Amino acid sequence: SKATVSVLYCGEFLHKKMADGNIEEVVRKINKEKGVKGFIIINAEGIPIKDSFDEAEPKMLTIHYSALITSLVAKARAAIRDLDTTNELTFLRLRSKKHEILIAPDKDYILIVIQEPICE
């Protein structure tokens, strides 16, 4: 889907933008996508460093997503390595009845996008 392609693109250059100290291009691109409810960028330790959720919403949601996704990414990376030591995790897509969670892990950061499920 278009949103998945955009998140992959964002994930690929996220590290460079973070190194430059400017992720506004990534943020603008994600926020333009139809159906996106929000995003979270977390560092390698699982600490959220940027999100798009309103201040009115409890930050506990961001912290909860960050902790759970960090653990999931670590397990998925280990599974991929166990299956093929020459391979690595590049993207995860989780779908439930209410949301779709797109995860683009990088060496130093993880981009999480929460969106409405896309009918295919």
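The accessible surface of the protein chain comes to about 7,400 Å², of which 55% belongs to carbon and sulfur atoms; the areas come from the Shrake-Rupley method with a 1.4 Å probe, and for residues only the protein chains shown count as cover. Residues are numbered from 1 along each chain as its sequence is written, and side-chain values use heavy atoms, with hydrogens and water left out.

The mean pLDDT (the predictor's confidence in each residue, from 0 to 100) of the protein chain is 81, and 75% of its residues reach 70 or more. Where pLDDT is low, the predicted coordinates should not be read in detail.

The secondary structure comprises 3 helices and 5 strands, taken as DSSP runs numbered from the N terminus (helices, H or I, of at least four residues; strands, E, of at least two), and along the sequence the pattern is α-α-β-β-α-β-β-β. The 5 strands form an open sheet in the order β2-β1-β5-β4-β3, with antiparallel pairing, where two strands pair if DSSP finds at least two bridges between them. Because β2 (48-51) and β3 (92-95) stand at the edges, each with a single partner strand, one side of each is left without a neighbour in the sheet. The twist averages 15 degrees from one strand to the next, with axes fitted to C-alpha atoms (for helices over the stretch in contact) and angles running from 0 to 180 degrees between N-to-C directions. Strands β4 (residues 100-105) and β5 (residues 109-115) are joined by 6 bridges, and Ile101 has Ile114 in β5 as its bridge partner.

Helix α3 lies across β1, β2, β3, β4 and β5, at about 60 degrees to β4, while helix α2 (residues 24-32) lies across β1 (36-43), β2 and β5, at about 155 degrees to β1.

The structure holds 2 salt bridges, each defined by a side-chain nitrogen of Lys or Arg within 4 Å of a carboxyl oxygen of Asp or Glu. In one, Glu100 pairs with Arg93, the closest N and O atoms being 2.6 Å apart; Glu100 is buried at 1% relative accessibility, whereas Arg93 is partly exposed at 34%.

Key:
Predicted model: local features only at pLDDT ≥ 70, side-chain atom pairs only at ≥ 80, totals over all residues. Contact = heavy atoms within 4.5 Å. Buried < 20%, exposed > 50% of the residue type's maximum accessible area, 1.4 Å probe, protein only.
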